[in-house]
Amino acid sequence: MASGTSADTGIISRNYKSGSIIYFEGDKSEYIYILKGGRVILTSVKLDTGEEIKEEVRQGEFFGVKSALGKYPREETAQTIGDTIVLVLNLADFEKLVLRNVNVVRKMLRVFSNQLRRIGKMQRSILGGTEEINPDVELFKVGEYYYKNGSVQHAQYAYKKYMEYYPDAQYAKLAMERIKAIAAGQPYPDASPGPSAPPPRRPVEDEDDDSGFDDDSGSRRGDDDFDSFDDEKGGSSSALVDEMDDFVSGDKKSDLQDFTFDDSDLVESLDESEGGLSVKFSKAAALAATSKFGDALKLYQDIMAAGNVKAPQEKKLQEEAQIEAGICQSKMGKMREALETLSGFIKKFPQSENVKKAIYYIAEIFDNAKQSDKAISYYNRVLNMTPKDDFSKKAMNRIKQLQNG
Amino acid sequence: MAMILDDRFFDKFGVEYSPNEIIFCEFEPGNEFYFVQSGKIQLVKLINNREKTIDVLGDGDVLGEMSILEEQPRSATAIAVDHVKLLKFHRDNFDALMQGNPQMAYKLLIIFSKRIYDAKRRLMILLLEEPQLKVMDVLCMLAEEDPHLDLQNELSLQVTPQQVASWAGMAEVDAQKELTHLSRLDKIELYSDKIVVRKIREFQRLVSSRRKKMFS
């Protein structure tokens, strides 16, 4: 390694042979480098996966900046390839240089801020916060949180900012009511029916269309998305089912029709002996768990068809049976039937907390059929529904995977 | 390292907040960034519908720096802890500000560098799997942060179990359980406002060997 000092700047330039280490990960040093000639590779380890990352420094680029400025150990090893010349700056040199070239700072700040954002994202995903969010909805929720917890001053701030930035958004009216209520010294309207619970239980929220996922116009009519699930009894004209024609074509169709219930002897024997719906439901669930979807489906359909059901628990079971039946059909490759069962569910029980689950499985059907756009569109609906749960998470993951490839 | 600026500057860009006042709110669009002149600011986030403190800032810190380059929803809520004096700059003024005060540009670079390191360091804690190690690593991080501490000897960290829980991304009861366990083993002594660690080196060794094994 040879060193020389440039007369006008006082900055040292250093020559390295191929394969030299300029610094090691873990070293502490206040030097900052600029690559003048040759090649430098930075090798670091990814925090979350332990994967080794190699990055090449471009000519004229700085390296070793963050650790020198922040006075912490190097996070990467810098090694040369081929004969290499670097300029070596101490902090005072670097400061002088920067003070003369504010544009350099601007560029570095951009890089730094992107890094910070990435780290923040990882942190959020580990802590279980949601990754994809609508800032307006979240801002409103912050207001709700503080109002519920008695921090009215903070709540008022959030609601006012909501009105300032999103005067036409979903919760504007409610935010205005909250602002007035707080000004009047009223406590949070506990358990009041209607809009007080921030997420209105509607299958699909209005801002859905902003998501950027274009759906076929045929499946969307007006402002109520689930018009599209309207289906004349027995008719095959549902828009959703029409969508299915895109991929359930020719040969596949015959596959779907082949299925019969003939092999369900097992079901028959289990069936009549014990009467209650809940017994049937557990049996069906057990069958589905062991991939006996045909048998499970038969039981679920029995539950759905049972008449004279009055007890709320039994009604609930009928509701759940319909979803499970749709899932069974989907597992059996009976896509069209599955879609009809699931969309029928949404139509029949629009207020059910299981609507989200139904939409998730509709998305999955499109997903399995390699209809990514539609899959994404339905996953996205799941994502827009509260509360955030496992389905939101799974939908998020699938959207990411579908979008990446 | 409070910024040395003349009074004219404060007249033009200065803003003041009373205790408990919100400076900005999580998810609010952010177009301004701030330099803290005096006072303490608590940064909190709502995570799983609970308010969690993610940082406390003081003199010389910068606030809302993520909006220097582009409009971004705020990633946390900033609340004044005591009487707070800030310099507030809109993104549009950033270039002019930097041209006129390159010193401030340099300071920003340093602040960002530290911020990134701190954020990574905290992420490393969260990436550990065992709660016991997370708690130990929080103590390691706090010890490393204070350059005046002698890591070879017993040391005292100004931290509450609640803060430890928050750094470790754990529920308070769980963190408390781990701390109590460590204190029964006489590895630490628990006080209401501080934790005395007998041998921080031992914690560092344990954590780093586990970290190496994590991916192998």
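**View 1. Lys141(A) and Glu138(A) form a salt bridge in chain A of this predicted model.** The closest N and O atoms of the two residues are 3.4 Å apart. Both residues belong to helix 4 (residues 135–148) of chain A, where they are 3 residues apart, about one turn of the helix. Lys141(A) is partly exposed, at a relative accessible area of 24%, whereas Glu138(A) is buried, at 12%. Over all chains, the structure holds 25 salt bridges.

**View 2. Asp55(B) and Arg122(B) form a salt bridge in chain B.** Here the closest N and O atoms lie 3.6 Å apart. Asp55(B) is part of strand 6 (residues 50–57) of chain B and Arg122(B) is part of helix 3 of chain B, so the pair ties together parts that are 67 residues apart in sequence. Both Asp55(B) and Arg122(B) are buried.

**View 3. Glu189(B) and Arg198(B) meet through their side chains in a salt bridge.** The N to O distance is 2.7 Å. Glu189(B) counts as partly exposed, at 26% relative accessibility. Arg198(B) is also partly exposed, with a relative accessible area of 23%. Elsewhere, Arg121(B), Asp137(B), Glu144(B) and Arg211(B) are joined into one network by salt bridges that share partners.

**View 4. Helix 2 (residues 91–100) of chain A has the buried residues Leu91(A), Asp93(A), Phe94(A), Leu97(A) and Val98(A).** These residues are on the same side of helix 2 of chain A, because they cover an arc of only 155° around the axis. Within chain A, the buried residues of helix 2 pack against strand 4 (32–45), strand 6 (62–63), helix 1 (65–70), strand 7 (77–89) and helix 3 (102–127). They also pack against helix 3 (102–127) of chain B. At the start of helix 2 of chain A, a side-chain oxygen of Asn90(A) comes to within 3.1 Å of the backbone nitrogen of Ala92(A).

**View 5. An open sheet in chain B is formed by 4 strands in the order 1-10-4-7.** The pairing in this sheet is antiparallel. Strand 1 (14–17) and strand 7 (62–63) of chain B are at the edges with a single partner strand each, so one side of each has no neighbour in the sheet. Strand 7 of chain B pairs with strand 4 (residues 32–38) of chain B in the antiparallel sense, over 2 bridges. Phe35(B) has Val62(B), in strand 7 of chain B, as its bridge partner.

Conventions
Residues are numbered from 1 along each chain as its sequence is written. Chains are lettered from A and ligands numbered from 1 in the order in which they are written. This is a predicted model: local features need pLDDT of at least 70, side-chain atom pairs count only at pLDDT 80 or more; totals for chains, interfaces and linings use all residues. Side-chain values use heavy atoms; hydrogens and water are left out. Buried means under 20% relative accessible area, exposed over 50%, partly exposed in between (1.4 Å probe, protein chains only). The arc is that of the directions from the helix axis to the C-beta atoms. Contact means heavy atoms within 4.5 Å. A polar contact is a pair of N or O atoms within 3.5 Å; within protein, one must be able to donate a hydrogen and the other to accept it, and residues adjacent in sequence count only if both atoms are side-chain atoms. Two strands pair if DSSP finds at least two bridges between them. A salt bridge is a side-chain nitrogen of Lys or Arg within 4 Å of a carboxyl oxygen of Asp or Glu.
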